[in-house]
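Trainee: I've got this one open in the viewer and would like to talk through how it packs. Can we go piece by piece?

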Amino acid sequence: MAIAFTFPGQGSQAVGMGKELAENFAEARAVFEEVDEALGQKLSDIMWNGPEETLTLTANAQPALMAVSVAVMRVLEARGLKLADKVSYVAGHSLGEYSALCAAGTFSLSDTARLLRIRGNAMQAAVPVGEGAMAAIIGLEHGDVEAICTEAAVGGVCQIANDNGGGQLVISGSKAPVEKGAVLASEKGAKRAIMLPVSAPFHSALMAPAADAMRAALADVAKKSPIVPVIANVRAAPVSDAEEIARLLVEQVTGQVRWRETVEWFAANDVTTLYEIGSGKVLTGLARRIDKTVSGVAVGTPSDIDAALTTLLG
């Protein structure tokens, strides 16, 4: 019976996130101050006071979500949690993989904030606004959606970006092919096919310029092997070598977030509880839908931290 810590991705942000942590814990305040300093910007002010459209910008949301996750980690650690003693694996959804790697000691907090700012800006700049799109497909199997993408991708890009489990997949790519993919999905029996209000076609081949930017950024940053293995998004299997982790983070920019397979891997390897560290409860909900033998616990508020410590250290 093992435990894993998971870290949320974009979409889990909300104005006010992390404020209660900062008000209650010096360790959390220190995290937000360090991230602000690393970015040369009062990101914490945007996190706590908005406006929402500014927080939602990819270049802000990515380091902001990481900051909340690491703030929770620092509070847990200050109260006696030793990650390597209690937790067998870490994993994060898309940008959450960076949060997981920071928690496991691969990157410093300041470097992680700067990497995510570079990543957010590069992903935003990779494709002119309006040329890319993403759509959520609900109620079809992975193979069905893969076939739809192949059919829709004539003259452009259409591929699976996220396999979130529970029959929820996200497709990404050029605007017309993704729109065609959504129509085909409805015709082939999807419960819903919804165009998403996103600013860029994340996790698609169109993100190649952003992958190049991350290759350069990751080559220059100090990195260590994580103190516990990370389950990489694009592999859905554990990785511990720092250079391999960096290669997979580059691949992740254009590759598929294999979250369903990640949770299935946990279940097959005796992980019974996934603690979602940071803002929101998205991954906790997904875990429940993917495998009933795995339970999810969201840890994002002071009361969540108290409850988690009682279980983890009890």
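**Sheet and helix packing**

Mentor: Let's start with the sheet: four strands make an open sheet in the order β4-β5-β3-β6, with antiparallel pairing. Helices (H or I, at least four residues) and strands (E, at least two) are DSSP runs, numbered from the N terminus, and two strands pair if DSSP finds at least two bridges between them. Keep in mind that this is a predicted model: local features need pLDDT of at least 70, side-chain atom pairs count only at pLDDT 80 or more, and totals for chains, interfaces and linings use all residues. Residues are numbered from 1 along each chain as its sequence is written, and side-chain values use heavy atoms, leaving out hydrogens and water.

Trainee: In β5, what is the bridge partner of Ala135?

Mentor: Strand β3 (residues 132-138) runs antiparallel to strand β5 (residues 168-174), and seven bridges join them. The partner of Ala135 in β5 is Ile171.

Trainee: Which strands does helix α9 touch?

Mentor: Helix α9 (residues 142-152) packs on the sheet, and its direction makes about 165° with that of β4. Axes here are lines fitted to C-alpha atoms, for helices over the stretch in contact, and angles run from 0 to 180 degrees between N-to-C directions. With contact meaning heavy atoms within 4.5 Å, the strands touched by α9 are β3, β4 and β5.

Trainee: Is α2 roughly parallel or oblique to α8?

Mentor: Helix α2 (residues 26-39) and helix α8 (residues 109-125) pack at about 50°, their axes 9 Å apart. Angles under 35 degrees count as roughly parallel, over 145 as roughly antiparallel, 65 to 115 as roughly perpendicular, and the rest as oblique. So α2 is, relative to α8, oblique.

Trainee: Which residues of α8 does α2 meet?

Mentor: From α2 come Val31, Glu34, Val35, Ala38 and Leu39. In α8 they meet Leu109, Ser110, Ala113, Arg114 and Arg117.

Trainee: And is α5 roughly parallel or oblique to α7?

Mentor: Helix α5 (residues 58-78) packs against helix α7 (residues 96-103) at about 25°, with the axes 9 Å apart. That angle makes α5, relative to α7, roughly parallel.

Trainee: Which residues of α7 are met by α5?

Mentor: On the α5 side you have Met66, Ser69, Val70, Met73 and Glu77. Their partners in α7 are Ser99, Cys102 and Ala103.
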